[in-house]
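Please look over the chain shown here. A short report on its fold is wanted.

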Amino acid sequence: MATAGVTTHPLPLPPTADPAYFKTFGAEVRGLDPGNLTPEQFALVEDLLYKHSALLFRNTSLSPEQQYKLTKAFDPSSESYGHGNNKTGETKKSILHPDLKTIPRQPQVQLIGNGLVPEHEGLVNAQLKHPHHRTFHKTVIPEEDDLKYTRFYRWHIDAALYDLSPPKVTTLYALAVPQGDAQVCRYDDGTGDELPVPLGTTAFVSGHTMFEILPAELKSVAVRTQVKYAPHPYVWMAPAHALSTGLGLETEGLELPLKELPEWSADRVKVLPMLWKNPVTGQLHFEVHPCGVQELIIPPLPEGAKKEGALYPDGAHITDLKEVRELVYKMQRPAIAPKLVYPHDWSEKDLVIFHNRGVLHSVVGAFAKDQVRMFHQCNLAASADPAGPTEEDVKKYA
Ligand SMILES: [Fe+2]
């Protein structure tokens with residue numbers, strides 16, 4: 001067996017995490033070289049990924065070509081980078097643009113990080129900038145506390161959310177990881193919640209847990225709802241400011257009017273189920289990119305369902321942005337509580353593969369200008385949209 005000797009180990013949870021919620025979430029895989037997997041080994045990795053949502057491989061060496069090949073193996077007919085190739089020309093306005101530098105010979109792989117990189121894989125003088133919440137949040141942590149306290153920058157799914165289908169997986173490979181003091185991630189939403197985090201962590205929460213901890217009446221809404229995203233959502237949202245938790249946007253009317261967006265057509269606008277079905281476990285994952293949401297379409301309860309105490313028993317089409325966001329926030333906020341967050345403590349040569357259709361993640365932290373951090377990131381727009389709940393799921397939860 002080519003998979004003999006492969007072992008899995010729990011991820012090192014911080015003391016803040018409640019282990020009861022991490023029984024299946026996350027696994028370190030040992031005994032495999034992720035850059036050189038046989039088909040049989042890949043099948044094992046794929047199965048593990050859908051069961052555990054995030055896999056860690058330590059001390060890997062992975063060229064951009066190998067990373068692309070590995071990422072593509074999860075969806076062999078996917079081709080282009082998950083956010084597209086900035087074809088509209090106008091995506092300069094997009095909030096994603098400044099964060100990404102493409103590896104010239106393997107353009108589906110992006111160099112992300114912080115600081116000035118004089119030469120790397122054909123890139124010269126790449127100026128990388130770790131996203132800072134100051135550029136995005138409505139309120140900010142005062143300058144003098146900046147290296148001590150931090151925020152979740154933006155909870156998200158890696159996805160264009162317009163025209164292209166959300167990538168199945170993202171691979172993140174750490175090449176340079178500056179060492180520094182831990183920081184305290186503040187929620188600043190009146191709850192007093194805060195989370196000590198390693199410098200420059202990537203924070204993950206489980207979309208399955210996000211669904212599981214909802215009360216029955218919100219599970220009923222979740223299992224029925226379709227989420228309509230704005231056209232070119234990252235351009236649309238660019239003038240808007242995020243909430244202090246990084247979990248969505250303030251509603252201040254700052255989004256670009258639809259007629260000022262790059263050309264778009266209604267048939268390319270994404271309407272996706274609120275819950276995405278795991279292809280291996282069959283579990284439902286609450287997968288909504290809270291910043292890009294524009295409308296919610298909620299069908300009525302199915303026949304035979306109890307109307308008593310149900311929300312939107314006759315269905316609804318919610319188009320008021322504030323109302324849309326408040327409902328989504330109410331459903332997602334419980335799942336980013338400190339005890340439910342896995343903040344990965346990166347070491348150089350760590351490879352993390354995460355099920356992009358099963359988790360939400362956020363960049364965290366603030367680096368000094370001269371701290372050089374380098375990661376390779378790859379995800380590919382999928383060959384099809386995620387599957388939503390089945391009829392049985394709807395019957396069970398509605
Ligand atoms: Fe991401």
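## Overall build

The model is predicted. Its chain carries 7 helices and 21 strands. Along the principal axes, the C-alpha atoms fill a box of roughly 60 × 55 × 45 Å. The radius of gyration is 20 Å. A compact globule of 398 residues would have a value near 21 Å, so the chain agrees with that expectation.

Of the 398 residues, 47% count as buried. Take the contacts between residues at least 6 apart in sequence: 78% of them join residues at least 24 apart.

Strand β3 spans residues 54-57 and is covered on both faces. Ala 54 and Leu 56 lie on one side, and both are buried.

Which strands pair with β3? One is β2, residues 27-30, which runs parallel to β3 and is joined to it by 2 bridges. Within this pairing, Glu 28 has Leu 56 of β3 as its bridge partner. Between the two strands the chain passes through helix α1, residues 39-52. This β-α-β crossover from β2 to β3 is right-handed.

Another partner is β19, residues 351-355. Here the pairing with β3 is antiparallel, over 4 bridges. Phe 57 has Leu 351 in β19 as its bridge partner.

## A three-stranded open sheet

An open sheet of 3 strands has the order β7-β9-β10. Its pairing is mixed. The edge strands are β7 (149-150) and β10 (194-197), and each pairs on one side only.

Strand β9 covers residues 183-186 and runs antiparallel to β10, with 4 bridges between them. Cys 185 stands opposite Leu 195 in β10.

## Lys 23 in the β1-β2 loop

Where does Lys 23 sit? Lys 23 is in the loop between β1 (7-9) and β2. Is Lys 23 buried or exposed? Lys 23 has 8 C-beta neighbours inside 10 Å. The cut-off for exposed is 12 or fewer, so Lys 23 counts as exposed.

Pro 10 is 13 residues from Lys 23 along the chain. Their C-alpha atoms are separated by 8.4 Å.

Terms used
Residues numbered from 1 in each chain as written. Predicted model: local features only at pLDDT ≥ 70, side-chain atom pairs only at ≥ 80, totals over all residues. Buried ≥ 20, exposed ≤ 12 C-beta atoms within 10 Å, placed from the backbone. Pairing = 2+ DSSP bridges. Right-handed = clockwise from strand over helix to strand, strands pointing away. Rg over C-alpha atoms; globule rule 2.2 N^0.38 Å. Contact = placed C-beta atoms within 7 Å.
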